[in-house]
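Thank you all for making the time this morning. I would like to walk through a few places in one structure, and I will keep to what can be read from the atoms.

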Amino acid sequence: MMQQYLRIKASHRDALLFYRMGDFYELFFDDALAAAKILGITVTQRGQSAGSPVVMAGVPVVSAENYLVKLIQAGQSVAVCEQVGDPATSKGPVERKVVRVITAGTLHEQGLLPEKDSAWLAAIAPSEQAIAWLDVSTGSIHFCPYTAQTQPSCAAWLEAMLQALQPAELLLAESASTKNEALQDLLKVTLRRRPDWEFDADQGEALLKERLGVASLAGFELTGDKASQEALSCMAALIQYAELSLGQPLRYLQAPRRQSNHQTLEIDAVARRTLEITTPLFSEAQAQTPTLLSVMDRCQTTPGSRQLRQWLTNPLLDNHALAARQEAIAWLAEQLETTKTVCAFLRGTSDLARLSSRLALKQSRPRELMAIAQSCQALQPIAQRLQPSTSLLETLAAPLDQHVLTTAAEELLKRLVDEPPALARDGGVFREGFDSLLDELRGLRQNSDQFLLELEAREKAATGIPTLKVGFNAVHGYFIEVSAGQATKAPSHYQRRQTLKNAERFITPELKAFEEKALSAQERALARERELYDELLEWLQPTVRPLQAAAEALAQIDVFQSLASFIVNDDWQMPALSNEAEIEILDGRHPVLATGLTDYTPNSIGMNTAQRLFVITGPNMGGKSTFMRQTALLVILARIGAPLPARQARIGGIDRIFTRIGAADDLAGGRSTFMVEMTEAAVILNRAGPKSLVLMDEIGRGTSTSDGLALAWAIAEELAKTNACLCLFATHYFELTALANERPEVVNLHVSAVEHNDQLVFLHQIQPGPASKSFGLQVAQLAGLSADVIQNAVAAQAMFQPQGLVRTLSAKEEHKTPASGGKTTALRKVAATQASPNQEKDSGAPQLGLFQ
């Protein structure tokens with residue numbers, strides 16, 4: 001047996017081998033030690049191999065999925081080795097082979113997959129000029145080539161794509177220059193290096209044509225150009241790796257879809273994290289902290305939740321497509337009773353996208369087939385209620401009303417019992433009356449109880465032994481049991497089968513004949529059911545493609561009804577859309593914080609090319625960061641076609657969102673908080689364009705006041721003048737408000753707060769002009785600093801004078817260069833104004849010094 005194990009293990013060196021032995025999966029040697037450390041199971045030793053003890057650990061087959069989840073989450077892959085030979089006819093060890101290699105990116109088993117998220121398997125082309133990704137659980141495959149015209153650099157594009165995708169497993173060519181460490185710092189992903197020959201474009205083309213049953217890929221925007229070749233090389237690696245894992249072809253692979261750089265709003269990696277679109281900023285708060293996705297997700301189905309996630313992470317720039325979504329959402333909001341009925345039917349559907357894939361693999365369980373049948377029953381009623389409606393909803397209704405799915409549902413309900421068993425091998429899958437041979441075999445098994453009762457009565461009468469019993473156990477089969485005291489009365493034709501402490505067990509020729517017939521009938525009944533089940537799976541194969549189409553339509557309809565509920569229940573409004581660089585929001589509210597609140601303070605903003613950089617001042621906890629995040633989140637919602645929590649809004653063609661919010665160091669990368677800030681600021685300055693939205697929060701606070709102010713001024717001016725982007729720039733440097741006097745596109749805003757009875761009251765209102773006071777000491781008092789510390793701080797304020805700032809800027813001006821002279825002169829004007837408190841100031845200039 002160990003020779004067989006070692007031979008199989010040699011072909012799967014990189015995976016833990018689950019070696020089937022009876023009711024357990026056993027692991028041996030290093031695999032046992034590695035698994036035990038992750039799973040917390042016991043390691044034992046038994047016998048020897050090559051002179052060394054055989055170290056082993058095992059998990060029960062019935063609960064294997066629970067252990068597999070932990071192993072996959074720990075980054076392991078698992079090769080599942082099953083018994084495929086017949087123990088009764090095998091000479092030596094029963095034949096075994098690996099039937100499945102389970103990895104993080106090739107999951108299709110329901111118990112291993114996250115319900116509301118996709119476990120993407122991604123591949124990067126050896127040239128790093130393209131990326132493709134596959135959801136093995138649904139067959140959905142996508143690709144995106146690098147386009148130099150729309151992206152500043154390939155590396156930045158690739159980083160943004162990976163951050164948006166968050167794949168579970170990533171394939172790289174062995175020759176790729178990308179460092180594993182760099183990718184693992186960027187993503188929590190399992191990396192696999194694959195041979196270069198697997199990234200072959202011609203092979204990718206051949207595989208796609210064969211799996212899709214087409215003669216040309218031109219209809220999928222794969223035309224043979226360089227970009228297509230790069231994408232095909234990625235898809236070749238994906239398909240081969242997935243099929244190697246599954247042990248069979250991807251018969252359910254869907255048509256590949258191209259994602260172009262210019263079709264979606266790019267949200268950079270930092271922005272995705274700080275805006276908390278799908279994941280809380282702090283991982284330890286994942287269960288408690290709401291995100292944009294968790295708040296917006298009112299879907300009735302898990303495929304709907306996955307579709308919403310995909311939309312939120314890939315907002316669209318195509319106003320025509322968004323207008324169609326808006327129209328569908330508005331119709332569902334208006335047709336309230338229809339929408340309620342549709343929701344009721346949606347709740348009756350299961351995850352058809354994943355169920356159809358398991359059906360294509362012929363691995364569906366009986367209860368999954370029943371789920372398909374019950375889901376198909378709901379399709380036609382949903383389609384009927386969406387006719388007539390809007391053009392998009394009617395298009396989505398079409399794949400729901402297919403005769404092949406209606407027929408499949410009827411046939412499944414006719415064949416399967418109302419409550420099928422968990423596994424087909426347990427039997428009891430098909431209804432009585434469906435198959436005459438199966439009914440006959442079941443009859444033999446079910447009538448055995450009556451025969452045994454009759455036999456027991458006859459034997460009691462014939463032997464005169466009143467305590468005689470007829471029974472059965474799995475080891476010895478059927479028997480006649482007589483107490484030890486009555487054993488001498490047993491007739492001569494009773495053959496002793498087993499001796500117990502207080503009884504003897506016998507068998508008779510009649511009982512032996514019955515045993516062979518009954519046990520044979522049970523085995524034959526199970527074999528017949530297996531045969532019928534395999535035939536059923538084969539008969540259902542033509543429904544896979546229709547089921548996939550219906551699943552995709554259902555998911556989109558579910559998202560539409562979810563978004564429509566915000567119009568009905570929360571009075572959200574549809575925004576107008578344009579292609580200009582503009583954001584106009586009247587009485588907007590934060591979509592996460594304001595949901596369910598009646599006292600949330602709304603705020604407005606009007607950004608365009610004439611007024612594009614807003615310097616926001618005011619106290620900590622006043623609401624600056626919330627307002628900034630609110631604006632970005634409303635843009636994202638508008639760009640998926642959703643209504644907004646605002647009285648009125650007009651959202652332009654924002655193509656990128658960048659953020660520099662919050663303070664955090666990077667200890668592993670050896671970067672201080674200030675270095676992280678400057679790195680993120682550099683990315684923004686290098687990449688933001690006229691249609692980008694930039695959020696900058698308190699830039700420059702990680703260094704000295706003079707250096708921080710100088711950098712904040714220079715960065716703000718660069719964003720306004722060179723990048724010409726839309727920017728919300730929150731700061732505690734009141735001196736920056738003077739930038740509005742220097743540049744016409746800069747506007748001052750502040751968050752309001754008042755002092756009442758020696759208490760600070762935050763009004764959370766965004767108002768025009770600079771703030772009048774910082775309220776830093778009051779906020780510190782609210783935070784719990786003692787009265788002594790606060791009084792000491794008040795006294796310290798009088799010690800600090802702004803002349804230090806004047807000296808610093810004067811020194812800088814002496815060494816200025818022509819390129820930076822304008823900025824320095826403007827800063828010196830601010831400092832000089834502060835040095836002369838009695839001098840009359842412009843309305844846009846700050847009224848306070850650094851520490852006032």
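Let me begin with Arg639, which is buried, with a relative accessible area of 0%. Please keep in mind throughout that we are looking at a predicted model. Arg639 sits in the loop that runs between helix H21 (624-638) and strand S22 (648-651). What does Arg639 touch, if we leave out residues up to four places away in sequence? The contacts are with Leu265, Pro315, Leu316, Leu317, Asn319, Leu322, Leu577, Ser578, Ile651, Gly652 and Gly653. The C-alpha atom of Arg639 is also separated by 8.7 Å from that of Ile654, which is 15 residues away along the chain.

From there I turn to the salt bridges, of which a search of the whole structure finds 40. Arg660 pairs with Glu680, with 2.5 Å between the closest N and O atoms. Because Arg660 belongs to strand S23 (residues 656-660) and Glu680 to helix H22 (residues 673-687), this pair ties together parts that lie 20 residues apart in sequence. Both partners count as buried, Arg660 at 3% relative accessibility and Glu680 at 12%. Through shared partners, salt bridges join Arg273, Arg660, Glu677 and Glu680 into one network.

A second pair is Lys116 and Asp297, whose side chains meet at 3.7 Å, N to O. This one links distant parts of the chain, 181 residues apart, with Lys116 in the loop between strand S6 (96-102) and strand S7 (121-124), and Asp297 in the loop between helix H9 (292-296) and helix H10 (302-313). Lys116 is partly exposed at 43% relative accessibility, whereas Asp297 is buried at 17%.

Within helix H6 (residues 201-212), Glu205 and Lys209 are 4 residues apart, and therefore separated by about one helical turn; their side chains form a salt bridge at 2.9 Å, N to O.

My last stop is helix H18 (residues 448-463), whose 16 residues reach 22 Å from the first C-alpha to the last, close to the 22 Å expected. Which residues of H18 are buried? They are Ser448, Leu452, Leu455, Glu456, Glu459 and Thr463. These residues cover an arc of only 105 degrees around the axis, so they fall on the same side of H18. They pack against helix H17 (436-446), strand S14 (469-473), strand S15 (477-483) and helix H19 (509-539), while the face turned away from that buried side carries the exposed residues Leu453 and Ala461. After H18 comes Gly464, with a positive phi near 75 degrees.

How values were computed:
Residues are numbered from 1 along each chain as its sequence is written. This is a predicted model: local features need pLDDT of at least 70, side-chain atom pairs count only at pLDDT 80 or more; totals for chains, interfaces and linings use all residues. Side-chain values use heavy atoms; hydrogens and water are left out. Helices (H or I, at least four residues) and strands (E, at least two) are DSSP runs, numbered from the N terminus. The expected span of a helix is 1.5 Å times one less than its number of residues. Buried means under 20% relative accessible area, exposed over 50%, partly exposed in between (1.4 Å probe, protein chains only). The arc is that of the directions from the helix axis to the C-beta atoms. Contact means heavy atoms within 4.5 Å. A salt bridge is a side-chain nitrogen of Lys or Arg within 4 Å of a carboxyl oxygen of Asp or Glu.
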